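Have a look at the model first, then read on.

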Amino acid sequence: MAEVLVLVEHIDGRVRKTTAELLTIARRLGEPAAVFVGSNVAQATDVLAKYGATKIYHSDSADLADYLVVPQAEFLAQIVAQSSPVAVLIPSSPEGKEVAARLAVKTDSGLITDAVDVQLADGKIVTTQSVFAGSYTVAATATTGTAIITVKPNSAPPQQQPAESVDTPVEFAASDLAKTARITASSPKAKSGRPELTEAAIVVSGGRGTSGDFSKVEEFADSLGAAVGASRAAVDAGWYPHTSQVGQTGKQVSPQLYVAVGISGAIQHRAGMQTSKTIIAVNKDEEAPIFELVDFGVVGDLFNVLPQATEAVKTAKG
Amino acid sequence: MNIVVCVKYVPDAQADRTFSVDNTTDRAGVDGLLSELDEYAVEEALKIAEANDGEVTILTIGPDRAADALKKALQMGAHRAVHVNDAAIHGSDAIATSLVLAKAIQKLDPQPDLVLTGMASTDGTMGVVPTMLAERLGLPAVTYASELTVADGKVSVRRDGDLASQTIEATLPALVSVTDQINEPRYPSFKGIMAAKKKPVDTWTLADLGVDAELVGLTAAWTTVESFSARPPRQKGQIVTDEGDGGSKLAVFLGEHKFL
């Protein structure tokens, strides 16, 4: 069976959930092989094997750590040339999409981004994408070269299927061109302790209606174990960081439950949350377009509604 | 300092966007405009040009109507524009688009010191063309810039990621894609609108660029849209008005749907 490469997303060897999802998807298409870039591969091995990686290609070349995505794309291209996989699955993060874009050009391959599902149908790899702000669903195939597919978080429930992972170190040196853009400084973001926005099962977002006070939004989110998002209006006003923005120019989320608080529901925002399974809104304005999307809506002042809901949730959860 | 900004003419995101019979984005039935996200790249180019006695060239690929996108950028203050217009390009994927853009940029005289783009188009939203273009041009690329400084033959960019805020440097010539956090795009002034009418717009075909028509367009695309379907409209749910019990009702809904 042909290999399907999965680019591992990890922080110092701690494998992220998206990788388990990608390995689960890869098993539908062929024989999953993980590609690990960076240090601490030993720490990742158990998890990768548990989700069915039959091989772990890796290199701890310093070139892969100090520079941006170019060396990663070169590394993947080298493995593609070596193992002729049928597909390469890459997380649909900004960085992942860049790696995929370069890999597609380097390997003369078709590229599909932001897949929400990938299946094998009649021997063809068929992807599903949500387009035009979630108003259409598209089925697409890559017809030339190796199918290079970036896959969004939450596209498959991770399923374990343990395999013997063969450790496969790869000799690698980046080209000189790969070293032309360099990270010169990095300041880590403060950790919120909340789930990652694109991976969370529940997201609670605040907008203009908060008037800049996100405390009630955060308290309600915490009662549900949810991630906190923000509308563009709230981000532009400086009330919440851009990395928390849900919408066309921010994160696209598709959680089990999305709660929009004080958000009117402009197309810019809908593009980021319209595919959520269940949608709830709290808004003072009963005419707000967000109410057209919701499964449940409360017309009212969030500063009254949310604290009451938070207390009720805490009581129910004991 | 010569700057080229790659822009895209897109169907208005506020309109009901759809597909054509050949499964490509419908660009005829929906009003188009300069992609909102490209305005930030135009604005950033103008600011850098103003500070460095530079010139800004706007480059687009698209049908006749894409001239509207160029016009808007010229009205904002760009100096000249290039419109690559060739029927064979219709249906091109990101790979072919990056090829045509690369060839057009290589034909520019003088060659640009800086290539700027928006972070993604508002129609395809892939966000991969800037990176592909850099790969083809052999330029260093820094994407998703929230802040951009050009000095001493270098670009310095601030990029806000989920885990960290990074400073990234690259030597010129370079390609930078910018986010909607980087600036506030200007509106064209009356003077700008009048001046735009006299600014040069070159129109190039694939033949002008030496690009084989067989490498672009729908039949040459390396990906195929097999089918599309409109997402069923969401059923409007239950709306309650808060009469002192809105929060409790919300919690009841959460309980009934097993979120607690």
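**A charged pair by the helix**

Asp245(B) is partly exposed, with a relative accessible area of 27% (buried is under 20%, exposed over 50%, partly exposed in between, using a 1.4 Å probe and protein chains only). Its side chain meets that of Lys249(B) in a salt bridge, 3.5 Å from N to O. That term takes a side-chain nitrogen of Lys or Arg within 4 Å of a carboxyl oxygen of Asp or Glu. Lys249(B) is partly exposed too, at 35%.

This is a predicted model, where local features need pLDDT of at least 70 and side-chain atom pairs count only at pLDDT 80 or more, while totals for chains, interfaces and linings use all residues. Residues are numbered from 1 along each chain as its sequence is written, chains are lettered from A and ligands numbered from 1 in the order written, and side-chain values use heavy atoms, leaving out hydrogens and water.

**One side of H7(B)**

Which residues of helix H7 (246–256) of chain B are buried? They are Gly246(B), Gly247(B), Leu250(B), Ala251(B), Phe253(B) and Leu254(B). They sit on the same side of H7(B) because they cover an arc of only 155 degrees around the axis, going by the directions from the helix axis to the C-beta atoms. Their cover includes parts of chain A, among them helix H6 (215–224) and helix H9 (302–317). Helices here are DSSP runs of H or I with at least four residues, strands are E runs of at least two, and both are numbered from the N terminus.

**Another salt bridge**

Over all chains, the structure holds 27 salt bridges. In one of them, Arg16(A) meets Glu199(A) at 3.4 Å, N to O. These partners are 183 residues apart, and both are buried.

Note on methods. Contact = heavy atoms within 4.5 Å.
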